[in-house]
Amino acid sequence: MSYEPPTPPAELPTDIVNTLTGYSPDQLQHVARYAEALAEHNAREARLKGKSDDNEVDERPDDLPDDVPSKATITIKEINDNRYYYWQWRDGEKIRSQYKGPVNSNE
């Protein structure tokens with residue numbers, strides 16, 4: 001591991017870089033987990049919005065339970081420092097979830 005601080009991505013605003021530089025290692029770990037979860041959430045929302053605009057019917061995945069709609073996507077939730085896969089889909093204005101299984105620690 002290098003003794004030099006990492007170079008921030010050019011796309012990251014300077015004020016965010018300056019704020020993060022002052023954070024403790026624990027705070028940075030929390031920010032990293034939150035940022036990953038937020039990125040997954042925003043990507044899922046974009047996919048769900050895009051799919052609701054499409055009239056195409058996608059193929060149903062083999063491991064999709066019968067009570068989960070084919071429009072469902074897989075998301076990762078962290079609970080008590082453990083990560084789990086969940087099927088998620090929009091049902092009207094609500095987002096529904098169903099447990100799929102633990103995230104393999106080798107991934």
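Which residue lies over the face of tyrosine 86? Lysine 77 does, at 4.6 Å from the ring centre. A charge sits over a ring if NZ of Lys or CZ of Arg is within 6 Å of the ring centre and within 35 degrees of the ring normal.

## The model

This is a predicted model: local features need pLDDT of at least 70, side-chain atom pairs count only at pLDDT 80 or more, and totals for chains, interfaces and linings use all residues. Residues are numbered from 1 along each chain as its sequence is written, and side-chain values use heavy atoms, leaving out hydrogens and water.

## Two aromatic pairs

The whole structure holds 2 aromatic pairs. Rings of Phe, Tyr and Trp (its six-membered ring) pair if their centres lie within 6.5 Å; planes under 30 degrees apart are stacked, over 60 edge-to-face, and the rest tilted.

Tyrosine 84 and tyrosine 99 make a tilted pair. Their centres are 6.1 Å apart, with 55 degrees between the planes. Tyrosine 84 lies in strand β2 (residues 82–91) and tyrosine 99 in strand β3 (residues 94–102), so the pair ties together parts 15 residues apart in sequence. Strands here are DSSP runs (E, at least two residues), numbered from the N terminus.

## Burial and the second pair

Tyrosine 84 is partly exposed, at 22% relative accessible area. Tyrosine 99 is partly exposed too, at 43%. Buried means under 20%, exposed over 50%, partly exposed in between (1.4 Å probe, protein chains only).

Tyrosine 86 and tyrosine 99 form an edge-to-face pair: 5.6 Å centre to centre, 75 degrees between the planes. This pair links strand β2 to strand β3, across 13 residues. Tyrosine 86 counts as buried, at 16% relative accessibility.

## The cluster

Ring pairs join Tyr84, Tyr86 and Tyr99 into a cluster.

Definitions and conventions
Helices (H or I, at least four residues) and strands (E, at least two) are DSSP runs, numbered from the N terminus.
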